[in-house]
Amino acid sequence: MIDLRRLREENAYRAGAEKKGVEPSLIEATLDADERRRTAMHAAEEARAAQNLASKEIGRADPSDRESKIAEASRLKAELEKLEDAEAEAVSEVEELALQIPNPADESVPHGDENDFITEKEVGEQTAARNYDHAELGELLGLVDGERAVKNSGSRFAYLMGPAVRLEFALVQFAFDILEKHNFVPVVPPVLVREEMMIDAGFFPTDRHQVYEIAGDDLFLIGTSEVALAGLHRGEHLDRESLPVRYAGFSSCFRREAGTYGKDTRGIFRVHQFDKVEMFSFCDPDVSWDELETLRSLQEEIVASLELPYRVINVASGDLGAAAAKKYDLEVWLPSEGAYREVTSCSNYTDYSARRMSSRYRDSEGSGLLHTLNGTACAISRTLVFLMENGQQDDGSVVIPDALRPYVGFDSIPGPDHS
RNA sequence: GGAGAGGUGACAGAGUCUGGUCGAAUGUGCUUCCCUGCUAAGGAAGUGACUGCUCACGCGGUCCGUGGGUUCAAAUCCCACCCUCUCCGCCA
């Protein structure tokens, strides 16, 4: 939820929203509606104060005076009800408009759409395609069984098998080892949440069609543990001294992938269910931009340790989504496609989500809204894809990066002709 | 799943039957001051959140699990939902 006062008073804030493609007329309409709301609210509150007073007098009044006083209070109430109706209408009008306004983009975010990102850095070599792409190799090496998954669950599902499972748990341990050094508290969150949580986390109504719904129980499968982690301090005040409060969530993630027919259909690059380690930070608003850089550096540390060639991009304003004021994507080189593909991303939501969640800090001066940030630490299936391609040798075997070896217990996965 | 009890401020805990002077007794905690070789004990005052108007002092609104309803008036009465606890049943 946007800050209406800042929208009204700060030009830069408003400009940040317009940068995301919001029509100036929508902003005008929202501000007008807010003006009406404040007027209506003021009128209703005055009437309410009068009515409250009249009502209280009845309790103190002499029994003989009661009847006339009750009549007076009733009259005030009738007046109040009209004003309250007007107030309620104005409030819902503002809400409806305000919800359409995204979190303003930061000044450092480039203008434009998905093609207008800025490349912040590039690390490693863009190598040529190997003998097998990740989908072929996954099946050949017995890491992924897509065919049988289709029979049981449908397209975009997969059985992860054998060494792939060992790799998954190795990656998770590896990521947690790094994150715990930076005071992230490991969390295994619920993967089912109530509708309310989806709304507060900002996924509903916009992304409702991307989420699986459980028939008969009013519960929804999370698309990322971010949803569950964001709710960890809903309605709470955190001691400002204790910030940032960081969590590392491990969970399965479920995505309907509606509207992606024919896109990334091979292998496990894009699936309905995958596991992920996610970083989440409840942060002091004064230092949230530093925190974003911290999340990004951790992502780089992880990808670099896995010896994957990557680049970091500063995502352009039109491609940020509603909640992010700024977002970095880490993209790893995928040889079979000759392109960089997204492996992780991290965002600063500033106070956009915290306002709705009512997640606040408290210090000796008072209190205020926290900033929230999130970022992928390791998305397992995509990471496996990148490891299979970038670590692939001429014989189809896959070399395990040094950093991962202590965790998996083997140095490579033998090629298809091995046995 | 069946039966019962209950959700009140940082915490504990009254108030609910019998609606009004209850934003809410009391205790603990916390802050400031007094007393005091030090500490403990003791004495005094203060101490919820959110929000609107205001330079400010201040004045107002909302909040007793959540959402509705009754009433001039609801922590208190009615309805629905959520959650917690106890007992029984079932279960990885």
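Modeller: Let's sort the residues first: Ala, Val, Leu, Ile, Met, Phe, Trp, Tyr, Cys and Pro count as nonpolar, Asp, Glu, Lys and Arg as charged, and the others, Gly among them, as polar. By that scheme, the surface near RNA strand B has four nonpolar, seven polar and seven charged residues. This is a predicted model, where local features need pLDDT of at least 70 and side-chain atom pairs count only at pLDDT 80 or more, while totals for chains, interfaces and linings use all residues. Residues are numbered from 1 along each chain as its sequence is written, while chains are lettered from A and ligands numbered from 1 in the order in which they are written.

Now, who sits by the RNA? Helices here are DSSP runs (H or I, at least four residues), numbered from the N terminus. Helix 3 gives the most, with twelve residues.

So how do these two helices sit together? Two packed helices are described by the angle between their axes and the distance between the axes. For helix 3 and helix 4, the angle is about 160° and the axes are 7 Å apart. Axes are lines fitted to C-alpha atoms over the stretch in contact, and angles run from 0 to 180 degrees between N-to-C directions. Helix 3 and helix 4 are therefore roughly antiparallel to each other (that word covers angles over 145 degrees; under 35 is roughly parallel, 65 to 115 roughly perpendicular, and the rest oblique). Their crossing is left-handed, meaning that the near helix is turned anticlockwise from the far one by less than a right angle; clockwise would be right-handed. The residues of this contact divide into 22 nonpolar, three polar and 13 charged.

For another view of helix packing, look at helix 7 (residues 163-181) and helix 12 (residues 380-390), whose axes come within 10 Å and cross at roughly 115°. That makes helix 7 roughly perpendicular to helix 12, and this crossing is right-handed. Ala164, Leu167, Glu168 and Leu171 in helix 7 meet Ile380, Thr383 and Leu384 in helix 12 (contact means C-beta atoms, placed from the backbone, within 7 Å).

Key: Helices (H or I, at least four residues) and strands (E, at least two) are DSSP runs, numbered from the N terminus. Two residues are in contact if their C-beta atoms, placed from the backbone, lie within 7 Å.
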